[in-house]
Amino acid sequence: MFDKQIQMVDLRGQYHRLKEEIDAAMQTVIENGVFINGSQVNTFAGHLASYLDIPYVVPCGNGTDALQIALMALDLKQGDEVIVPAFTYVAAAEVIALLGLVPVLVDVDPKTFNLDPRKIEEAISSNTRAIIAVHLFGQSCDMEAILKVAGKYHLYVLEDNAQSIGAEYTFSDGKVKKTGTMGIIGTTSFFPSKPLACYGDGGALMTSDESLAKRIRMIANHGQERKYHHKLIGCNSRLDTLQAAILDVKLKHIDEFTKARQVVAGRYDEALAACDRLVIPEKSSFSTHVYHQYTIQLKPDGPDMAARRELLQNRLKEKGIPTMVYYPMPLQEQDAYKWMARMPGNIDKSAHLSKCVLSLPIHTEMTEDEQIYIIGTLLESL
Ligand SMILES: *Cc1c(COP(=O)(O)O)cnc(C)c1O
């Protein structure tokens, strides 16, 4: 056993690294007593907008709300179709369904886990209005290809950037953009384990479009611009002042934290690349990788894949090493969605990934010794 409890994410360790700054920021909010819409909320939104290099950032209650508000702001009508990856977190499909829209499941590229742009066109119908590009695990979808097909069919592109904030996409002309700033609206989550995270729930939307930013702000605030004058049907979705103050501190360190995870990923890459029983995560040529997760795929393939993975997980757990399966079921197998989603093409890659992916511990506080122990134990447990 390793002499310290190994964790998927070490939030406590990271807090202790930033303790003085975080404590001071929280103390200021508590002393001021403005817990809702305190000045720290706008300050943080401004700092995040500069970091991402986008004109408008609107904070909200969580990443799922952000997706819902984004779709509401686009004024889609019942029955309109929205393309989502089949292998992903449920949030995007959920809000699509809640708004009376139809999720259309498209397969992912098993190398990057992201929406396969080559499979989008065949999924488009006369009802398709939007694509939600989910930047999974820390790297960008192939945005140039996605924007191109979206342009051809006049579709909105939304980016769910909950897992990849800080990643950079390079277009073929050399132009570099941060994830979440390339589509019409980007969304993110500040859930505690995400790359930019607070100490509870939080989220935000980003856009370059001024009138859309105004609509988003109204929708998140009961559809009102002026108090008690409700122009739109909205919701109540706010980022707490305390969370904004914490996020403002963490934002200052985001690049240093990304770097720390990249170092951890580099060590995994080096130690695991030669192992023929697994596939290490591939870095795409067009995106940097911020490693929200370090997700390997187990080989060889077979019908009992998921069972063998569980065996491995249990063996590692006995040795004090946590692992996670993101995600054990693709959307087409989920009871809530399998009957109502449209699945025009082959989505087998997503089903396959669900059986063979395994995410290893990765976080900003991981030591080299800890990692040597994880790698050694993994290799002898395979
Ligand atoms: C976490 C996450 C969400 C949801 O964020 P919450 O803040 O938990 O609502 C949405 N999409 C993706 C890809 C996520 O990882």
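The questions and answers below cover the ligand site, the pockets and the cavities of a predicted model.

Visitor: What volume does the largest pocket have, and which residues are closest to its centre?
Guide: The volume of the largest pocket is about 470 Å³. Its lining has 26 residues, and those closest to the centre are Tyr89, Gln163, Phe191, Lys194 and Tyr327.

Visitor: Which helix and which strand each supply at least two residues of that lining?
Guide: By class, the lining of the largest pocket has 13 nonpolar, 10 polar and 3 charged residues. The elements that each supply at least two residues are helix H3 (63–73) and strand E8 (185–189).

Visitor: How do the residues of the shell around the ligand divide by class?
Guide: The residues around the ligand include Tyr89, Ala91, Val134, Asp160, Ala162, Gln163, Ser189 and Gly202. Asn62, Gly63, Thr64 and Lys194 are also among them. The shell divides into 4 nonpolar, 6 polar and 2 charged residues.

Visitor: What distance separates an oxygen atom of the ligand from a polar side-chain atom of Thr64?
Guide: For Asn62, a polar side-chain atom is 3.3 Å from a ligand oxygen atom. In Lys194, an N or O atom of the side chain is 2.8 Å from an oxygen atom of the ligand. For Thr64, the distance from a polar side-chain atom to a ligand oxygen atom is 2.5 Å.

Visitor: Which element gives the most to the lining of the second largest pocket?
Guide: The second largest pocket has a volume of about 400 Å³. Its lining has 18 residues, of which Asn37, Val58, Pro59, Arg217 and Asn221 are closest to the centre. Two or more lining residues come from each of helix H2 (39–52), strand E1 (56–60), helix H6 (210–220) and strand E10 (224–226). With 4 residues, the element that gives the most is H6.

Visitor: How many cavities of 30 Å³ or more are there, and what is the volume of the largest?
Guide: A cavity is a set of points where a 1.4 Å probe fits but cannot get out. The count is 2 cavities of 30 Å³ or more. For the largest cavity, the volume is about 200 Å³.

Visitor: Which helix provides the largest share of the lining of the largest cavity?
Guide: Of the 19 residues lining the largest cavity, Val9, Gln14, Ser193, Lys194 and Arg261 are closest to its centre. Two elements give two or more residues to this lining, helix H1 (11–32) and helix H8 (254–272). The largest share, 3 residues, comes from H8.

Visitor: How do the residues lining the second largest cavity divide by class?
Guide: The volume of the second largest cavity is about 40 Å³. Its lining consists of Leu105, Val106, Asp107, Lys119, Glu122, Ala123, Gly345, Asn346 and Ile347. By class, these residues divide into 4 nonpolar, 2 polar and 3 charged.

Technical notes
Residues numbered from 1 in each chain as written. Predicted model: local features only at pLDDT ≥ 70, side-chain atom pairs only at ≥ 80, totals over all residues. Heavy atoms only, no water. Near = heavy atom within 4 Å. Polar contact = N/O pair within 3.5 Å; in protein donor to acceptor, adjacent residues only side chain to side chain. Nonpolar A, V, L, I, M, F, W, Y, C, P; charged D, E, K, R; others polar. 1 Å grid on protein atoms, 1.4 Å probe; cavity = no way out; pocket = protein on both sides within 12 Å on 5 of 7 lines; lining within 4 Å. Points joined across faces, edges and corners; volume = space filled by probe spheres on them.
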